[in-house]
Structure formats: C-alpha cells, structure tokens
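These are my notebook entries on one structure, kept in the order in which I looked things up.

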Amino acid sequence: MDKKLNDISISGSGKIAGGEYDNIRISGSGSMTGDVIANSVHISGSGRSESIEAKEIKASGSFHASGRVTAGEIHVSGSAHIGGAIEAGEIKVSGSFHANDVISSKTLRVSGSMHAEGGIEADNVHISGAAHVKGLLNAENIEITLNGASNINEIGCERISVRKSGAAGFNFFGIFKFNAGSRSLSANSIEATEACLENTHCAVVRAKRAYIGEGCEIGRVEYEETIEIHEGAAVKEQIKI
C-alpha cells in the first residue's frame, strides 16, 4: 500500500520542516528547511529551500535553493538561483536562471538569461537569449538563438547551430540567410560532428562538417570532411585532419 502523504500550503509567510509531502504550495514568502521530498512544489512569489527532491517544481517569481535539486521537471518563470547540483528530466526557464554547480538534464530550454558556474550535461539544449557557462557544455544537440552576448567556455556535442534571433530557418549546408547585428557567442573551443555557426567568436573549432557563417571570427578550424566559409566570416587557419 502506498504511503499517504500530506499536502501543505503557506499563504503569506511561513516555514516547512524537512520531510515527505504530497503537494507543497507557497503563496507569498515561504522557506523549506532540511531535506524536502514531494510530488509537486508550486511557488508563487518567493520560495527558499535547502536540498529538495520532487517530481515537479514550478516557481513563479523567485526561487532559491542552497543545496541539491532533483526533479522530473523544473519550470521557472522569473528568477531561480540553485546552489547545489541539479538533476532533472526537463528544465524550462523563462527569465533568469543561475546555477552554482553542475547541471544534468535530458532537455534544457532557456529563454532569457542563464548563468552556469559549473558544467552542463544534457541530451538536448535549446537556448534563446544569453547564456554564460564557465564550464563545459556537453550535449547531443545544441541550438542557440542569440538575443545578446553569450559566453561558453567549452562546447562538445554531436550537432550545434548558432544563429541570431529573427534569422531565417536553415539546415546544415543548405541555403543560409543572416541578419546583421551585434549578438554573438564567444567560446574557447567547440567540438562537434556537425557545426553550423553564425556570429561566433572562437579560438578553435573542430568538426567533421563545418559551416562558418557570417559574423564569425575563428582562430583555427580543424575539419575531417567538409568546410564552408561565408564571405562575411574571418578564419585565420583551416586544417583538414
């Protein structure tokens, strides 16, 4: 027989002790102390926790966790600051997201601004807006739509596409149309099977198949099969390996 868990809700301000719960709802300002396990956590306004584990975490407004966060789904509207490691099936963020430790997720979708002090491990990453990652961004598929300046230390993936917001859709090595603008991605290194880059400033790009699009400034491209360089891109050195 399944263990019966209690619901708990806070209207206004209050505290929730560590333990197991069914549904947690916080309206206004609430804090969770100790280790909290729940089926769902819904926060409207401001919520704070230590370590937390839930099937679903939804936060509107401000959410701050000082410890580890484990969830099936994390949806944040507004701002979130996570101090510990993050493990989730899906992370979907609108607004501002700051992570102090490693992020592990099957799918990461970020609209707005993301700051990651550690690395990111994911299957699929979709970033619309600005991303700042101090560690390694490692994923199968990465799609970045630039709405501002992004900085990612290292990128490793199967496929990556980087384009500015409002640019026409495109496929690898198809027909490309780009818009002028100051939005850009800066990286120390990018390694991929297929790399399609626009407005990217990078010291080293390594790929089997590489398209270096308009607005790119690349120090060196190492490619195995094919390379295409837009007339509006600058590549100091290209090496077939």
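**Entry 1, the chain as a whole.** I looked up burial and found that buried residues make up 43% of the 241 residues in the protein chain, where buried means under 20% relative accessible area, exposed means over 50%, and partly exposed lies in between, with a 1.4 Å probe and protein chains only. I note that this is a predicted model, in which local features need pLDDT of at least 70 and side-chain atom pairs count only at pLDDT 80 or more, while totals for chains, interfaces and linings use all residues. Residues are numbered from 1 along each chain as its sequence is written, and side-chain values use heavy atoms, with hydrogens and water left out.

For secondary structure I recorded zero helices and 13 strands in the protein chain, these being DSSP runs numbered from the N terminus, with helices as H or I of at least four residues and strands as E of at least two. The pattern along the sequence accordingly reads β-β-β-β-β-β-β-β-β-β-β-β-β. Taken along the principal axes, the C-alpha atoms fill a box of roughly 60 × 35 × 25 Å.

I then looked at contacts, meaning heavy atoms within 4.5 Å: among those between residues at least 6 apart in sequence, 11% join residues at least 24 apart. The chain exposes about 11,000 Å², of which carbon and sulfur atoms supply 44%; accessible areas come from the Shrake-Rupley method with a 1.4 Å probe, and for residues only the protein chains shown count as cover.

Rolling a probe the size of a water molecule over the atoms shows where empty space is left. I worked on a 1 Å grid over the protein atoms alone, where a cavity is a set of points at which a 1.4 Å probe fits but cannot get out, a pocket is an open set with protein on both sides within 12 Å along at least five of seven lines, and lining residues have an atom within 4 Å of a point. Grid points are joined across faces, edges and corners, and a volume is the space filled by probe spheres set on the points.

How many cavities of 30 Å³ or more does the structure hold? I found one, and about 30 Å³ of space lies in the largest cavity. Its lining consists of Phe63, Val69, Ile74, Val76, Ala80, Ile82, Ile86 and Phe97, and the elements that give two or more residues to this lining are β5 (69–82) and β6 (86–99). Strand β5 gives the most, with five residues. By class the lining has eight nonpolar, no polar and no charged residues, counting Ala, Val, Leu, Ile, Met, Phe, Trp, Tyr, Cys and Pro as nonpolar, Asp, Glu, Lys and Arg as charged, and the others, Gly among them, as polar.

Two or more lining residues come from each of β2 (19–32), β3 (36–49), β4 (52–65), β5 and β6. I recorded the lining as four nonpolar, seven polar and three charged residues.

I placed Gly67 in the loop between β4 and β5, where it is buried at a relative accessible area of 16%. Beyond its neighbours within four places in sequence, Gly67 is in contact with Glu50, Ser51, Ile82, Gly83 and Gly84.

Asn199 lies in the loop between β10 (184–197) and β11 (200–212) and is buried, with a relative accessible area of 6%. I noted its phi near 50 degrees, a positive value in a residue other than glycine. Most residues other than glycine have a negative phi.

Asn124, in strand β8 (residues 120–146), is partly exposed at 26% relative accessible area. Its contacts, leaving aside neighbours within four places in sequence, are with Lys106, Thr107, Leu108 and Asn141. Asn124 and Thr200, 76 residues apart in sequence, are 20 Å apart C-alpha to C-alpha.
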